[in-house]
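This report is written for a reader who is meeting the structure for the first time. Please keep the sequence and the model in view while reading.

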Amino acid sequence: MRVSFDWLKDFLELKIEANKAQSFLTMTGLEITSIADIDGDHVMEIEVTPNRPDCLSVLGIARELSAASGIPIKYPDSVKKNLMKKAGAKGGVKIEILDKHACPRYVGCIMKNVKVEPSPKWLVQRLNAMGVRSVNNVVDITNYVLFELGQPLHAFDLDKLDQKRIVVRRAKKGESIVTIDGITRALNPNVLVIADAVRPVAVAGIMGGKDTEITAETKNILIESACFDPVVIRKACRELGLASESSYRFERGVDQGMIFASSIRAQELVKEIASGRAAGEMSDAGSGIEKEKEITLSLDEVARILGIDISPERIKDIFKKLNLNPIKKKNHIYVTIPSYRQDLSRDIDLIEEIARLYGYDNVPARLPSFTPQKIYQLEKKTVSIENEIRKILCGMGLNEIMTYSLTSRNTVERLGIPLENLVSLKNPMSSQQEVMRPSLLSEMLEVLNWNLNRKNTLLQLFELNKVYIMNKETGQAEEKMHLSIGICGNKPGNWKEKPRDLDFFDLKGIIEILMGSLGAAGYRIEKTTHPSLKENMSTTVNAGGKACGVFGEVKEDVARRFDIKKKVYAAEISLDDLLICANLKKTFTALPKYPSIKRDIAILLDDIIDASVIYDVIKEEARELVKSVDVFDLYKGQQIQEGKKSLAYTIEYRSDERTLNDKEVNDIHKKVQDALTKRLGAQIR
Amino acid sequence: MKFIDKLKDIEKKAIKEISDSSNIGELENVRVKYLGRKGIVTDAIKGIKSVPKKDKPEAGMFINKLKQKITLLLEEREKGFMTKETVIFENNDMTLPGIKRELGHVHPLVKTTQEIIEIFGKMGFKAVESPEIETEYYNFEALNIPKNHPSRETFHTFYIENGNLLRSQTSTSQIRVMEKEKPPIQVIHAGKVYRPDAVDASHSFMFYQIEGFMVDKGIQFSDLKGVLERFAKEYFGDKVKMRFRPHFFPFTEPSAEVDISCFICGGKGCRVCSHKGWLEVLGSGMINPRVFEFVKIDPSVYTGFAFGMGVDRICMLKYGIDDIRLLYENDVRFLKQF
């Protein structure tokens with residue numbers, strides 16, 4: 001809502017500067033977001049909250065400024081005398097309201113011998129300040145009253161109304177109207193119209209029709225001042241894709257008490273500016289004016305909610321400034337709510353008014369006494385595992401990413417994963433955000449691509465975020481926390497170390513450290529297949545008989561669909577499943593009492609034998625005496641027979657009961673060597 | 001033994017010794033042993049004189065190949081050592097750059113969330129989870145946002161196919177928690193919210209919010225001020241000033257928007273605060289009695305306050321980030337700054 005500072009002076013004797021008024025209004029709830037200088041006037045842009053439609057006028061803002069500053073308000077006489085009035089007169093135009101719910105009241109006033117011409121300068125300027133272009137004096141007057149008093153008006157060319165009748169009714173199917181903007185609009189029964197004897201002449205509360213608009217030839221006019229149901233207007237606006245200053249106010253609710261007074265105010269201005277003559281022909285159809293509400297406020301409640309020490313007199317004073325007519329009786333204050341304050345209906349509303357005008361800044365700050373809260377183990381566990389994962393992965397040099405949950409169907413498709421359990425939006429803004437992602441991998445690949453395009457070459461990323469799956473059985477969408485990891489690119493070298501490409505084993509190492517640090521005992525990494533991962537390069541992490549995630553090399557064609565030409569390695573793990581096998585409780589294991597002895601062994605064997613098989617043989621042979629088995633060399637190629645590989649291990653032997661002597665170690669080591677030779681055909685080198 | 005066989009024997013031994021050598025020093029010895037001035041291969045070249053004339057070309061070729069092969073193997077093996085055994089010489093030039101390991105970084109939105117939650121955690125607020133996919137009841141009705149009310153318009157919403165919706169504010173957690181628990185309640189909740197806004201430098205269709213609320217006998221507006229002031233000073237610094245402005249939220253009454261004095265310019269006015277001197281950081285208020293009625297908490301016995309803030313906005317203010325899209329692009333050059 002815009003308001004001109006000069007215009008406010010019609011209602012208030014303002015001796016204060018605009019920025020002082022700004023501070024008064026902002027600190028009582030009408031935030032001034034900017035002040036512009038237009039033709040020497042200060043025009044303030046005000047944010048009016050949806051509960052305060054009464055502030056959508058210069059008068060409304062003036063009332064608030066008066067309450068906040070203590071400057072008394074003065075209404076124009078014609079308005080003051082006619083507030084809360086209903087005319088019994090039915091002498092003018094014949095008005096029929098066929099939908100009394102949609103149009104509780106309609107005041108029509110006939111003015112004759114009007115001279116339609118350009119508006120005087122002051123009127124043009126005032127409208128200009130509000131951002132409205134001048135049309136002619138009559139139309140400008142209706143707009144002027146709308147801004148001044150908040151009551152939307154409309155002027156018809158009376159002589160163009162068939163039978164000079166007004167019928168407020170629902171539009172009939174197939175009817176249409178050309179609105180004053182020149183656009184033909186098809187109507188339907190959801191739209192309320194103002195019709196004459198035969199056809200719609202205005203879309204009620206939104207926009208008038210071209211046929212009956214005021215032109216230079218217009219002699220006699222009908223001024224409409226009415227009120228319409230907010231929901232009916234809002235629906236019609238949506239149906240027609242049309243909104244106006246009028247509909248904006250009707251949607252939020254106009255002041256019942258101002259309908260008649262606004263008509264009088266418009267008549268006064270037409271007489272003054274357009275030399276029109278009121279024919280004394282007013283019609284006022286529809287319901288009477290509701291009685292003003294009364295509310296009782298207990299003084300104890302004020303202290304209970306606000307925590308301020310405020311005297312009943314001060315409260316009464318605040319209520320007086322707000323025109324609430326307070327009467328104090330014992331421990332209660334009784335108030336009468338003016339028709340324009342429809343937002344006030346309960347005692348808490350009055351307490352808010354007190355706080356507002358008392359000044360939020362004057363309420364003391366104190367710290368409440370806190371009660372320790374019961375923490376649920378499960379919630380605690382989820383949060384702690386997330387933070388633990390962050391610590392571990394950041395510790396290994398991975399950067400955390402955060403991506404959007406909404407994506408396109410096509411992005412999911414590119415991953416090659418099934419699409420049937422997607423959670424789809426009914427009203428997406430664009431196809432880029434039409435579904436909720438079922439996997440974190442698509443966004444991970446997008447982010448990798450984004451970075452590769454920007455020549456960021458070392459990419460080790462992870463994300464902890466939700467995925468969304470439609471459970472077909474329950475019909476409910478489920479939210480699951482997942483972890484994704486993506487690595488790609490090149491580890492740069494330095495003057496001591498050579499650069500190298502990141503590969504599958506970098507990712508595997510990350511997974512192994514993660515699982516180990518989370519205390520996931522007995523997990524196994526096994527081969528699997530996955531629609532996004534390369535065959536023979538995809539593995540699952542199995543824990544407790546359940547796969548809690550997958551990792552591997554992303555298929556080349558999948559990567560290419562994300563515009564990535566490099567090799568990418570990625571993982572996705574479900575936190576729910578990880579939680580089952582993880583154990584963040586650390587228990588101390590006694591340090592070894594006896595020394596360990598290391599022996600190296602180099603073997604040449606068939607290339608097809610997996611390292612895990614060799615590991616199992618060593619473990620089975622030396623049992624609990626083996627404490628660790630490390631591969632320190634792997635060689636294939638020249639000097640080695642084709643189809644063979646050379647592997648070198650360091651095996652650490654130790655007993656928990658005694659110091660192993662050389663002979664014992666040699667014996668075990670020999671046994672290991674023999675087993676490798678016999679069972680795997682290995683050649684000891 | 002024929003000359004060629006002798007060479008083959010040399011080749012075999014050299015290969016084994018090269019692969020057996022376990023560091024650069026040993027490898028160097030092998031090189032000297034075979035290719036040095038008095039080395040075995042050098043010796044063998046001299047021995048070519050005694051080879052029968054017809055065998056000479058073959059022997060010559062073989063010996064050349066042998067020399068090349070040993071040289072190549074030595075180089076390869078040496079490369080292997082170079083990466084593993086890094087220090088092969090004592091280095092006295094301390095001005096060479098240090099060897100740096102990559103450090104991983106927590107995303108700034110997560111960092112901001114963690115810091116804020118920790119501050120409220122110290123004041124006894126318990127962190128809870130709450131779903132993003134919600135029903136109209138939790139997102140609107142129970143929060144006193146009736147159907148067809150203009151205030152619904154300020155909460156534009158995404159709907160999903162089964163009629164549910166993506167919550168437009170984290171206040172849904174108030175209803176979720178108060179349905180299950182009875183006062184005293186003191187809860188903090190962080191999560192995503194969605195609104196159909198086109199993406200630009202300051203808007204996004206998805207962002208993060210933190211919601212906090214406290215319900216007990218005797219909770220007053222002054223407690224809300226106290227708790228938020230404590231938070232602002234902990235998070236933005238001791239010097240920060242706060243300002244509470246009346247506002248409207250359907251689920252609180254009285255409602256307040258909270259500004260802090262701009263910590264960039266100290267309140268004088270700058271680009272960040274649009275020359276106002278104040279930065280709007282959160283919305284808050286006393287929980288509306290109507291909300292209590294929905295969760296069956298007696299508003300004549302209990303009172304409470306609630307507040308909500310945009311994590312993205314606070315994160316951007318705190319670090320001086322001028323475009324919200326940076327948070328979701330995840331450029332590593334950006335991520336590494338936090």
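## Overall form of chain B

The model is predicted. Chain B contains 13 helices and 10 strands. Its radius of gyration is 37 Å, well over the 20 Å that the globule rule gives for 338 residues, so chain B is more spread out than a compact globule. Taken along the principal axes, the box filled by the C-alpha atoms of chain B is roughly 115 × 50 × 35 Å.

Of the 338 residues of chain B, 41% count as buried. Contacts in chain B between residues at least 6 apart in sequence can also be sorted by separation: 66% of them join residues at least 24 apart.

## A buried strand in chain B

Strand β8 (residues 252–261) of chain B has 10 of its 10 residues buried, so this strand is largely enclosed by the rest of the structure. In a regular strand the side chains alternate between the two faces of the sheet. In β8(B), one direction is taken by B:Thr252, B:Pro254, B:Ala256, B:Val258 and B:Ile260. The other direction is taken by B:Glu253, B:Ser255, B:Glu257, B:Asp259 and B:Ser261, and the residues of both sets are all buried.

β8(B) has antiparallel pairings with two strands of chain B, β7 (residues 242–249) and β9 (residues 278–287). Seven bridges join β7(B) to β8(B), and these two strands form a hairpin with two residues between them. Within this pairing, B:Pro246 stands opposite B:Ala256. Eight bridges join β8(B) to β9(B), where B:Glu257 stands opposite B:Gly283.

## Domains of chain A

Chain A is divided into five stretches of the following bounds: domain 1 (2–74), domain 2 (94–286), domain 3 (294–335 + 343–361), domain 4 (378–581) and domain 5 (597–684). Between the C-alpha centres of domain 2 of chain A and domain 4 of chain A there are 61 Å.

## Two three-stranded sheets in chain A

Strands of a sheet pair through backbone hydrogen bonds, either parallel or antiparallel. One open sheet of chain A has three strands in the order β1-β3-β2, with antiparallel pairing. Its edge strands are β1 (2–4) and β2 (31–38), each of which pairs on one side only. Neighbouring strands of this sheet are turned by 25 degrees against each other on average, direction ignored. Three bridges hold the antiparallel pairing of β1(A) with strand β3 (residues 41–47) of chain A, and A:Ser4 is found opposite A:Val43 in β3(A).

Another open sheet of chain A has three strands in the order β15-β17-β16, and its pairing is antiparallel. The edges are formed by β15 (294–298) and β16 (327–329), each with a single partner strand, so one side of each is left without a neighbour in the sheet. On average, neighbouring strands here are turned by 25 degrees against each other, direction ignored. β16(A) is joined to strand β17 (residues 332–336) of chain A by three bridges in the antiparallel sense, with A:Lys329 opposite A:His332 in β17(A).

## Helices lying across the sheet

Which strands of chain A does helix α10 (residues 299–306) lie across? Helix α10 lies across β15 and β17 of chain A, and runs at about 65 degrees to β15(A). Helix α11 (residues 312–321) of chain A lies across β16 and β17 of chain A, and runs at about 5 degrees to β17(A).

## A loop residue in chain A

A:Lys586 is placed in the loop between α18 (575–581) and β29 (597–606) of chain A. Is this residue buried or exposed? A:Lys586 counts as exposed, because there are 8 C-beta neighbours inside 10 Å. The C-alpha atoms of A:Lys586 and A:Leu123 are separated by 80 Å, and the two residues are 463 residues apart along the chain.

## Contact between the chains

How many residues of chain A are in contact with chain B? The contact involves 75 residues of chain A and 73 residues of chain B. On the side of chain A that touches chain B, helix α13 (residues 377–395) of chain A gives the most, with seven residues. The residues of this side of chain A divide into 34 nonpolar, 22 polar and 19 charged.

Key: Residues are numbered from 1 along each chain as its sequence is written. Chains are lettered from A and ligands numbered from 1 in the order in which they are written. This is a predicted model: local features need pLDDT of at least 70, side-chain atom pairs count only at pLDDT 80 or more; totals for chains, interfaces and linings use all residues. Two residues are in contact if their C-beta atoms, placed from the backbone, lie within 7 Å. Helices (H or I, at least four residues) and strands (E, at least two) are DSSP runs, numbered from the N terminus. Ala, Val, Leu, Ile, Met, Phe, Trp, Tyr, Cys and Pro count as nonpolar, Asp, Glu, Lys and Arg as charged, and the others, Gly among them, as polar. A residue is buried if 20 or more other C-beta atoms lie within 10 Å of its own, exposed if 12 or fewer, and partly exposed in between; C-beta atoms are placed from the backbone. Two strands pair if DSSP finds at least two bridges between them. Axes are lines fitted to C-alpha atoms, for helices over the stretch in contact, and angles run from 0 to 180 degrees between N-to-C directions. Domain bounds come from an automatic or database domain assignment. The radius of gyration is taken over C-alpha atoms; the globule rule is 2.2 Å times the number of residues to the power 0.38.
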